[in-house]
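I opened the model this morning to go through its backbone, its domains and its ligand. My notes follow in the order in which I looked things up.

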Amino acid sequence: MLVDPTPRYQHLHQIAVSATQMREIEDRLFDSGMPVAALMEKVALLIVRRLKEQILTQFAFKSGAKIGVLVGPGNNGGDALVVARELHFQGYDLCLYHPLNQFKELPQQHFNYARALGIAELESVEAFSECDLIIDGLFGFGLEREISGNLAQLVETLNDWEKPIVSIDIPSGIHTDTGEVLGTAIRATHTFCLGLWKLAFLQDAALAHIGKAELIDFDIPWADIEAVLGKHPRLHRVTAATVKANLPLPRPPVTHKYREGHLLVVCGSRKYAGGAILTGLGARGSGVGMLSIAVPESLKPMVVAQLPEALTIGCPETAEGAIAQLPKRVQLESYNAIALGPGLTPEVPSLVETLLDTETPLVIDADGLNILAQLNPIAALAKRRAISVLTPHAGEFKRLFPEIKGDRLSAVTTAAQQSNAIILLKGSRTAIAHPNGSVWVIPESTPALARGGSGDVLTGLLGGLLAQAQTRELPLENTLATAAWWHAQAGILAAQERTELGVDAYTLSQYLIPALCKL
Ligand SMILES: NC(=O)C1=CN([C@@H]2O[C@H](COP(=O)(O)OP(=O)(O)OC[C@H]3O[C@@H](n4cnc5c(N)ncnc54)[C@H](O)[C@@H]3O)[C@@H](O)[C@H]2O)[C@@H](O)CC1
Ligand SMILES: [K+]
């Protein structure tokens, strides 16, 4: 719910808006009497403050450093001009370049004043080559078509220099909603997103251009945000605060192992034995009360050795060493959740069909998804009466939903609605879409997780938390978001301590609890 405006900063980070929503919110401020010029002044002063605290000190730019400002025709350019003026007064050596020879009214006034102050105007972008830092105020959320021709060339020239570039609101050329590059786009080292996080910051497509992102809060009244987004916004940016409120902690003082959830993991084959272990280690990290692992009979000793706490179920196996079927004594309905997929091999469709038939919540990953893709997934999932959580990466998503196009956030939303399943689309900004239209996005991750086996750990963690949420009656959407955020944080912590090359899947599983302790 968006009702409680305190603590403001925490809530502000749990939402993100499209360009249209931002414009609607902004219009409400202006309609209520906030002068446009006053808002621009306020925003620009906040940008200057953060520039000085963050970037100018980080790069040890003394006053006198040369700063180039790229100025566009709209209010993004207006912001840039106010920033330029203030930095000029603070002793920096400023120069402006405005490649389009027209301005909206307010930026025109700021431009006139900058000229009157004697701030240098450049004839071409080449002269920016002498600058220590470049500020990008070419386009913000008003970008309406591809950047082309001379403008495209100048953007590429700036990118080629590999200088520090600070983008105002969004790197010029990035679509505010889809995050796509429209023609070409500034590759910023830092971006100050103004007022509210825009959707592009949650889209993988934009990340290479955004650099380090920071939100500049300029005190948009909460009532205006709520008037546009509604009391229950559909898009959630997952933060530590979301997670803290939704972990199965503390445990009740009197409990027992089955009350803390029973997860069945169905994974592994002789060929891909490690999948079962990594999924099991992810489940262990979740703290689930009981963990059962069904694997081909021949893998049983290895699983027992690695996961002594788990109840290991040896299954009859095919000639190739995949699970032929589950033993008759396994009562699928007795588990709170089932996680299946990693290492199964593609040759066990009847096993997957049996599992789809149950009324137990399922987490389906890897080979489970590849098999599902062969089965007419939308029809198979629509039939299920329990929760299905699918955890595809981009390739698996394409195989499951070949007809669905568009940017990641809209594609995953459509997939969830069509299939009546929860779809967790893995990526740099993992997004979890629900059939009711809500989407939860994990705003932080690390490329260290781009590594075989890290998904298996997530499957186990997700299954373990889902099982606990079932017995504890924790809210489902928040629980799944918690699992994905936690997994990313474990990767981030491991990468901080061991570099991005040091986060193999086993190591990742060992960082789940340390990441939790850091909360
Ligand atoms: N969200 C807010 O509440 C605030 C927004 N402000 C700033 O205002 C910006 C939005 O301002 P505007 O709506 O004026 O839009 P922009 O400044 O993003 O740019 C719009 C202008 O660029 C032109 N244009 C768009 N795409 C083009 C292309 N591919 N090639 C050539 N010209 C193109 C348009 O015709 C228009 O003149 C934000 O990004 C932000 O920087 C701030 O000033 C104040 C607060
Ligand atoms: K910009």
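Is D169 buried or exposed? I counted 27 other C-beta atoms within 10 Å of D169, so D169 is buried (20 or more other C-beta atoms within 10 Å make a residue buried, 12 or fewer exposed, anything in between partly exposed, with C-beta atoms placed from the backbone).

Conventions, before going on. This is a predicted model, in which local features need pLDDT of at least 70 and side-chain atom pairs count only at pLDDT 80 or more, while totals for chains, interfaces and linings use all residues. Residues are numbered from 1 along each chain as its sequence is written, and chains are lettered from A and ligands numbered from 1 in the order in which they are written.

Backbone. I looked up D169 for its phi, which is positive at about 70° although D169 is not a glycine. D169 sits in the loop between β5 (165–168) and β6 (190–194); helices (H or I, at least four residues) and strands (E, at least two) are DSSP runs, numbered from the N terminus. N376, also not a glycine, has a positive phi near 60°. I found N376 in the loop between α13 (366–374) and α14 (377–382). N376 is exposed, because 10 other C-beta atoms lie within 10 Å. I also noted a cis peptide bond from L249 to P250, with omega near -10°. P250 belongs to the loop between α9 (240–244) and β9 (262–266).

Domains. The assignment, automatic or from a database, gives domain 1 (8–233) and domain 2 (257–292 + 333–517). Their centres, taken over C-alpha atoms, are 37 Å apart. Domain 1 puts 9 residues into the contact and domain 2 puts in 8, where contact means C-beta atoms, placed from the backbone, within 7 Å. On the domain 1 side I have 4 nonpolar, 3 polar and 2 charged residues (nonpolar: Ala, Val, Leu, Ile, Met, Phe, Trp, Tyr, Cys and Pro; charged: Asp, Glu, Lys and Arg; polar: the others, Gly among them).

Ligand 1. How many residues surround ligand 1? I get 28, the closest being G74, N75, N76, G140 and G142; a residue is near if its C-beta atom, placed from the backbone, lies within 6 Å. The shell divides into 12 nonpolar, 9 polar and 7 charged residues. At least two shell residues come from each of α2 (19–31), α3 (36–58) and α4 (75–89). The largest share, 5 residues, is from α4.

Last entry. K518 is in the segment after α20 (512–517). K518 is exposed, because 12 other C-beta atoms lie within 10 Å.

Conventions. Two residues are in contact if their C-beta atoms, placed from the backbone, lie within 7 Å.
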